[in-house]
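Here is a short report on one protein model. Keep the structure in view as you read.

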Amino acid sequence: MTAHTVEYIRYRIPEQKSAEFLAAYTRAAAQLAASPHCVDYELARCEEDFEHYVLRITWTSTQDHMEGFRKSELFADFFAEIRPYVTHIEEMRHYKPTTVRGTGASVPTLYAWAGGAEAFARLTSVFYDKVRKDDLLAPLFADLDPAHAEHVALWLGEIFGGPPAYSETQGGHGHMVAKHLGRGITELQRRRWVNLIQDAADEAGLPTDAEFRSAFLAYVEWGTRLAVHFSAPDAVPPAEQPVPRWNWGAAPPYRG
């Protein structure tokens, strides 16, 4: 996200023009949605003063906005819709995100939702017990470190929003990737891994709600496919990277 730029356009639209203004931007938004330089956009209206609006557009970069979008065919149609409101603009600037960012506690992390460190310790204990008994996966883990399950529990905990225990005791993403180099993991083995960890999640008592499990499985699919990629004979290890952080997907946690 740090490479992106955020454009803010602040409008003061007279109350009698608000309906046509919103209609115009609804039409103009189709051009933003079609632009490969636009990451996302949102038009917000002030609650205290209905005449104030802020349009936020995240661009892949300021240059992509100015040279890419504005010089594309999309811009002509976009500007045709919003031209009547240009004189109502009070600010139009690009901003770069700073390191001061984070999330609040209104939405729990996947780590907290799952049950914290104890839940992931149960998960990996059950999972590696299954692995040792599995004819397809056992050969991959023949030289399994006795502490391996514990380390993977720390890894998964950090991935899903818990404390950075894996990074502090084992290393970053590159350290985990290095454990797969040269192992030649097959697609059949990857699929078995995915199936067994889902079974283990059931037995370990991890939440079964659709929202959690879809996010959990999304990481498992991503992580195992990456493991297959880096286990290939010609794989090039990535540069040192922090442990990725996984979050809720399209569906936030359900609270009935």
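A residue is called buried under 20% relative accessible area, exposed over 50%, and partly exposed in between. The model shown here is predicted. At 35% relative accessibility, Asp129 therefore counts as partly exposed. Asp129 sits in helix H5, which covers residues 116-132. The side chain of Asp129 makes a polar contact of 3.2 Å with that of Lys133. Ala149 is 20 residues away from Asp129 in sequence, and their C-alpha atoms are 9.4 Å apart.

Now the nonpolar cores. In soluble globular proteins, nonpolar side chains tend to be buried together.

| Core | Residues in core | Among its members |
|---|---|---|
| Largest nonpolar core | 38 residues | Leu123, Leu156, Phe160, Phe216 |
| Second, separate core | 18 residues | Tyr11, Ile13, Leu55, Trp59 |

The four residues named for the largest core have the most contacts inside it. Helices H4, H5, H6, H9 and H10 each give two or more residues to this core. Which residues does Leu156 touch, leaving aside those up to four places away in sequence? They are Phe120, Leu123, Thr124, Ile197 and Tyr219.

Next, the sheet. Four strands form an open sheet in the order E2-E3-E1-E4, with antiparallel pairing. Strands E2 (38-45) and E4 (89-95) stand at the edges with a single partner strand each, so one side of each has no neighbour in the sheet. From one strand to the next, the twist averages 10°. Strand E1 (residues 5-12) is joined to E4 by six bridges. Ile9 stands opposite Met92 in E4. Helix H2 (residues 62-69) lies across E1, E3 and E4, and runs at about 115° to E4.

Methods: Residues numbered from 1 in each chain as written. Predicted model: local features only at pLDDT ≥ 70, side-chain atom pairs only at ≥ 80, totals over all residues. Heavy atoms only, no water. Buried < 20%, exposed > 50% of the residue type's maximum accessible area, 1.4 Å probe, protein only. Polar contact = N/O pair within 3.5 Å; in protein donor to acceptor, adjacent residues only side chain to side chain. Core = buried A, V, L, I, M, F, W, Y, C linked by side-chain atoms within 4.5 Å. Contact = heavy atoms within 4.5 Å. Pairing = 2+ DSSP bridges. Axes fitted to C-alpha atoms, helices over the stretch in contact; angles between N-to-C directions.
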